[in-house]
Amino acid sequence: MSVRIGLGMAAFPFSSTRAFWRWVELCEDGDVDSLWQSDRLLASDASPRPQLETMSLMAALAGATERLKFGMNVVVLPLRDPIALAAECATIDFLSDGRLLPAFGVGGNASPAWAATGRDPRGRGARSNEALEIMTALWRGERVTFEGEHYRVADASIAPAPVQQPMPLWIGGSSRAAIRRTVRYGNGWLGGLQTPAQVAPVVASIREEAARQGTRIPDDHYGANITYRFGSWDEPEVERATAAFGRLAVQDRPDPRDHVAVGDASDIIRRVEEYVAVGVTKFVVRPIAESDDELMEQTRRLIDEVLPVVHGDGGDGE
């Protein structure tokens with residue numbers, strides 16, 4: 001069972017596109033497992049930073065890298081057309097020689113994207129399930145005819161098919177419906193802004209549901225998000241980041257100190273180990289940094305001081 005660490009982004013944190021590509025090059029040359037982009041269709045009124053469109057970035061990373069994997073953290077599935085999304089994923093996986101890590105969720109009920117796109121958040125779980133039925137069949141190379149409550153597809157196929165067969169499929173969410181969806185359609189689960197104590201019952205429930213359905217999620221296909229900084233808790237950057245975490249992490253309002261890792265390499269490794277102890281082995285980590293130089297330094301220190309310890313044997317993972 002391999003423990004692997006990737007790096008994630010929400011809003012675009014760089015001053016220029018060149019600074020971003022220098023960061024990607026650093027990750028490509030280091031032992032970073034993967035890069036992940038949060039999915040937001042709309043700009044945020046609370047932040048002046050741009051928000052990259054997720055699938056466009058996946059395609060750009062496919063051409064700009066040779067080793068790194070990359071994924072969506074997570075695409076809000078009911079906001080997308082399932083045939084178009086399946087074709088986008090398959091094309092990106094084909095062009096990257098099998099390095100895409102698709103991850104999907106149903107989205108939050110209060111997201112402004114529903115009104116902006118003229119969609120109703122009610123029934124988004126059922127729409128997502130139907131979309132996953134269609135997409136996974138298309139990825140297998142099948143010619144698909146589907147008649148559902150939300151989608152109707154007649155004699156559809158896509159080419160090229162994904163290089164990865166079966167295509168990796170990570171599901172986000174912690175509700176009972178999300179747990180059932182993970183087991184029925186997925187082969188991996190990706191948690192959100194949750195502490196180890198919050199992740200533990202979800203992992204256990206997925207395993208129980210998998211046993212009930214007579215299937216299983218591989219032990220090394222459980223993921224979590226961690227925010228980190230080489231520094232101290234009293235730094236203004238950390239105080240701002242933990243305050244923002246408290247606003248975003250709506251599930252039981254966890255103490256940021258139970259999720260964010262701040263200190264030296266041993267503190268960050270200890271936080272990773274807390275998640276590993278409850279069954280998580282894949283990580284999307286985000287550095288707390290407010291300039292290009294800080295982002296590069298935080299990433300460089302992660303590569304130099306944390307990854308050699310956590311990755312250990314240097315094995316390849318999804």
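Me: Where does P166 lie in this predicted model?
Reply: P166 lies in the loop that runs between β8 and β9. A cis peptide bond joins Q165 to P166, with omega at about 0°.

Me: And where does P160 lie?
Reply: Also between β8 (152-156) and β9 (170-172), in the loop. A cis peptide bond joins A159 and P160 too, with omega of about 5°.

Me: Why are F20 and W23 called an aromatic pair, and why tilted?
Reply: Two checks here. Their centres are 6.3 Å apart, and the limit for a pair is 6.5 Å, so they pass. Next, the planes are 35° apart. Under 30 degrees would be stacked and over 60 edge-to-face, so this one is tilted. The structure holds nine aromatic pairs. F20 and W23 also belong to one aromatic cluster with F12, F14 and W21.

Me: How far apart are F20 and W23 in helix α1?
Reply: They're three residues apart in α1 (residues 17-29), so about one helical turn separates them.

Me: How do you know whether F20 and W23 are buried or exposed?
Reply: Buried means under 20% relative accessible area. F20 has 5%, so it's buried, and W23 has 2%, so W23 is buried as well. For the protein as a whole, 53% of the 318 residues count as buried.

Me: What makes the phi of D97 stand out?
Reply: D97 has a positive phi, about 60°, yet it isn't a glycine. Most residues other than glycine have a negative phi. You'll find D97 in the loop between α3 (82-95) and β5 (100-101). Its relative accessible area is 64%, and over 50% means exposed, so that's the label for D97.

Me: Why is D155 called partly exposed?
Reply: Its relative accessible area is 47%. D155 sits in strand β8, and it has a positive phi of about 55° although it is not a glycine.

Note on methods:
Residues are numbered from 1 along each chain as its sequence is written. This is a predicted model: local features need pLDDT of at least 70, side-chain atom pairs count only at pLDDT 80 or more; totals for chains, interfaces and linings use all residues. Side-chain values use heavy atoms; hydrogens and water are left out. Buried means under 20% relative accessible area, exposed over 50%, partly exposed in between (1.4 Å probe, protein chains only). Rings of Phe, Tyr and Trp (its six-membered ring) pair if their centres lie within 6.5 Å; planes under 30 degrees apart count as stacked, over 60 as edge-to-face and the rest as tilted. Helices (H or I, at least four residues) and strands (E, at least two) are DSSP runs, numbered from the N terminus.
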